[in-house]
Each structure stands twice: as C-alpha cells, then as structure tokens.
Amino acid sequence: MTLDLQGIGMTSPRTRKRMVKRLEEQGISDTNVLEAMFNTPRHVFMDEALSSRAYEDTALPIGFNQTISQPYIVAKMTELLLVSGRLAKVLEIGTGCGYQTAILAQLTDHVYSVERILALQKKAKDILWDLKLKNINYLYGDGHLGWADYAPFDGILVAAAAPEVPEPLLQQLAVGGVLVIPVGENGGPQVLQRITRTALSYKVEHLEAVSFVPFLPGKD
Ligand code: SAH
C-alpha cells in the first residue's frame, strides 16, 4: 500500500495547520498533543472519497457502523490522559481506524490497542505500520476485559461509550494511572470522565458532554 502522506489541497500540511489552530481556539493547550495532531496525516485513515473532509472537526464514517472520532475529541482525550506528562504504557479500547492510536503512539512509550471488529483492526495495523509507528501491540477482543497480560497500565483511553465503567479496566490501572472514558447509555446523554487511581481508591472527574458510538459486548 502506498500512502499519500504529504497530501495536497484539502489534505495538505496547511489544512492541518488550520485544524491545529482551531483546536487551540477550542482550548487544547498541550503543545505535545498539538504537535502530534499536526504531524499525523488524518486523511490516510479514511476512504479516499472522504479524505477532503479529513480535517473538518467532525466524526466521519469508517465503515461497519463506526466513526473516526472528531479531531477535538481525540486531542481532548489525549490531553486529559497525559495530564502528568509522557506515559510508559497505555491501553486503548477501540482501535477503529487507528488515528487515535497514531497520536498515542507518538506521545507514549507503548500502546496496547484492543478492537472487536477484525477488519477494522487489520486496516489500522497496515496504516500504522506504513507510518512507521511500531510501538503498538494489537488485540482482537472485547475491550470490556482490558488486556490483563500487560496490566497495569499508566493510562487507559476508551473510544466507545459504556453505561458504566467496566471493572477490569479499573483493576488494570496502575496506582496514579488515569482512565479516560465516555460514560452513558447508548442514545442517551454521555459524559466524558477521567478516573485517577489513588493508593486506596479512585478519583472521578466529570468533564464534558460527548457523543460516542456504543461500547459493544463481545467480539464481532
Ligand atoms: N479512536 C477510534 C474510534 C473508533 S469508534 C477512531 O478514531 O477511529 C469506536 C471503536 O470502538 C470502534 O472501532 C468499535 O468497533 C470499537 N469498540 C466498541 N466496543 C468495543 C469493545 N467492547 N471492545 C473493543 N472495541 C470496541
């Protein structure tokens, strides 16, 4: 596969620069996050027919009834996750097209990414490999279970909304670790939560209203 990494017109670095400026206006201030968003060609993660819209601040279809998260949400969740700086081990639930994975792979030492739709995972893997992002392990499985083999994690990011936070994810968080997850019923109001594990308990912050695809049970 040959990717058009550089991009022209609506996929050019200039368009990406405008996206980053918008993110700053929307309150994203972590310069490492902004830099990764500038350096990552979002258009290569979507179908060519949609690539001219890749830098709009909206969620777009990636097939299988799933969407690529809007740039603001990707930036916001990453910023919330990296509140105390670069992390060593991060678990991502919902690889999807791999865009969020690409951002995480640049800002952390290692990403463990779980996806329940095999075809999406395969596509994401190929693109991330072509982008030379190799500090990623992939699991085809149900994210409700986390990834016990590699726990504990310094950070966990969930890209699908669950009615409640799955217990294994709380258990697989290191002390001091941070879990960022949209919580809410499918079709109902959802709120982005940041949960920090303390020595004896968990601190929960309710951050902002969001709209995610559902966190589905089992593998597809
Ligand atoms: N960050 C991704 C978001 C994709 S949408 C992107 O920008 O492309 C959410 C993803 O979560 C979908 O790919 C969906 O298949 C996946 N997902 C939903 N429930 C899951 C589960 N239980 N385990 C693993 N992945 C899940």
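Visitor: Is Tyr99 buried or exposed?
Guide: Tyr99 is buried, at 1% relative accessibility. Buried means under 20% relative accessible area, exposed over 50%, and partly exposed in between, with a 1.4 Å probe and protein chains only.

Visitor: Before I go on, what am I looking at?
Guide: This is a predicted model, where local features need pLDDT of at least 70, side-chain atom pairs count only at pLDDT 80 or more, and totals for chains, interfaces and linings use all residues. Residues are numbered from 1 along each chain as its sequence is written, and side-chain values use heavy atoms, with hydrogens and water left out.

Visitor: Back to Tyr99. Which ring does it pair with?
Guide: Phe45. The ring centres are 5.7 Å apart and the planes sit at 75 degrees, so this pair is edge-to-face. Rings of Phe, Tyr and Trp (its six-membered ring) pair if their centres lie within 6.5 Å; planes under 30 degrees apart count as stacked, over 60 as edge-to-face and the rest as tilted.

Visitor: How buried is Phe45?
Guide: Its relative accessible area is 3%, so Phe45 is buried.

Visitor: What about the largest nonpolar core?
Guide: That core has 52 residues. Phe45 and Tyr99 are among those with the most contacts inside it. A nonpolar core is a set of buried Ala, Val, Leu, Ile, Met, Phe, Trp, Tyr and Cys residues joined through side-chain atoms within 4.5 Å.

Visitor: Which helix gives the most to it?
Guide: Helix α3 (residues 71-81), with seven residues.

Visitor: New topic. How many residues surround the ligand?
Guide: There are 26, each with a heavy atom within 4 Å of the ligand. Glu115, Asp142 and Leu216 are among the closest.

Visitor: What does Glu115 do there, in distances?
Guide: A polar side-chain atom of Glu115 lies 2.6 Å from a ligand oxygen atom. For Asp142, a polar side-chain atom is 2.9 Å from a ligand nitrogen atom. Leu216 uses a backbone N or O atom, 2.6 Å from a nitrogen atom of the ligand.

Visitor: How much of the ligand does the protein bury?
Guide: The protein buries 99% of the 570 Å² that the ligand exposes when taken alone. Accessible areas come from the Shrake-Rupley method with a 1.4 Å probe; for residues, only the protein chains shown count as cover.

Key. Helices (H or I, at least four residues) and strands (E, at least two) are DSSP runs, numbered from the N terminus. A polar contact is a pair of N or O atoms within 3.5 Å; within protein, one must be able to donate a hydrogen and the other to accept it, and residues adjacent in sequence count only if both atoms are side-chain atoms.
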